[in-house]
Amino acid sequence: MPTVRPRSLDPGSHPERIILNLLSQITEARLMEHLKRIIGVRHHGTAPEALEAAGDYMTGQFRAAGLAIRNHWFEAFGHRNRNIVGSVRGRSKGHPPRRPPLILGAHYDTVSNSPGADDNASGVAVMLEAARLLSGLPLSVPLVFIGFSQEEQHCLGSTLYAIKAGRAGTRIQGVIVLECVGYASRQPRSQKPLRGLPVAVPDTGNFLGVVGNPEAAALKEGFEKTARRYVPDLPLVSLLVPDAGHGFPDTRRSDHSPFWDAGYPALMMTDTADFRNPTYHQPGDTLETLDLSYMVNVTKAIVAYLADVGISKD
């Protein structure tokens, strides 16, 4: 699919006008095109060619959007794996920004027998649209988009990335990880309870879960404020968990947890996976099960927040 560069506005436009212009360009059709190219078993053992093809597709989309691209390579399971990193250089009135980057990430591998529509082609599709729309903005903060590999193998790709960043003393303003963001239901009792969590969870599975560590409190609050302003139809359930989530193991089940362990502020955004989606990690996790209107709203919330943070205000 050719990448359509977003319609631009005068950089001097009011931030709200810029954000509304971006949100008007987010469509089900754009997301559908990404999903069609990604969905299918993407596993180093059972479908290594498809795993590589998904990586190549992301790389092509990042390149077409004008991002600077690098691969973070690592060897595992007899396979040469890569986290794919696309960067938008922040710029503020022609000067390099002083603020550390914000990272938006999503894993692109699957378990061995599932086409992984919700887990996690949905997250990759949202990330790619965010990268396309935000790449041309004048930014006061750099944005980094990462496709993580081997999340299904104990978050290996993100673990190695976070360890490397921590050892190098890399400053990161925050990390947002998209983990299963395409399945929703408006039927009562469609959401299973998440027992033990210190927040009430509705029994209707149409909300977006936002889970962070205490270091991500400002990140969470900023996202909630922006999402509720620009996407009021997207219900949110938010939670900060102490001790890197070790007391609530279900909150650690994606690529945000290695960043928690490294002390970085990080959020996971999720439809709650198997607490809602009966096809999670199953052959039935297909395109037809996804709710594209829900995905549009998730994309709008992400784009609005990153644009609001990143647009130069000086």
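Two strands are counted as paired if DSSP finds at least two bridges between them, and helices (H or I, at least four residues) and strands (E, at least two) are DSSP runs numbered from the N terminus. The model is predicted, so that local features need pLDDT of at least 70 and side-chain atom pairs count only at pLDDT 80 or more, while totals for chains, interfaces and linings use all residues. Residues are numbered from 1 along each chain as its sequence is written, and side-chain values use heavy atoms, with hydrogens and water left out.

**View 1. Pairing of strands E3 and E4.** Strand E3 (residues 102–107) runs parallel to strand E4 (residues 143–148), the two being joined over six bridges, and Gly105 stands opposite Ile146 in E4.

**View 2. The open sheet of eight strands.** The strand order is E1-E2-E4-E3-E5-E8-E6-E7, with mixed pairing; strand E1 (68–76) and strand E7 (236–240) are the edge strands, each pairing on one side only.

**View 3. Helix H4 across the sheet.** Helix H4 (residues 117–134) lies across strand E2 (79–88), E3, E4 and strand E5 (174–179), running at about 145° to E3, where axes are lines fitted to C-alpha atoms, for helices over the stretch in contact (heavy atoms within 4.5 Å), and angles run from 0 to 180 degrees between N-to-C directions.

**View 4. Surroundings of Leu134.** Not counting residues up to four places away in sequence, Leu134 touches Leu22, Val88, Leu139, Leu143, Phe145, Val303, Leu306 and Ala307.
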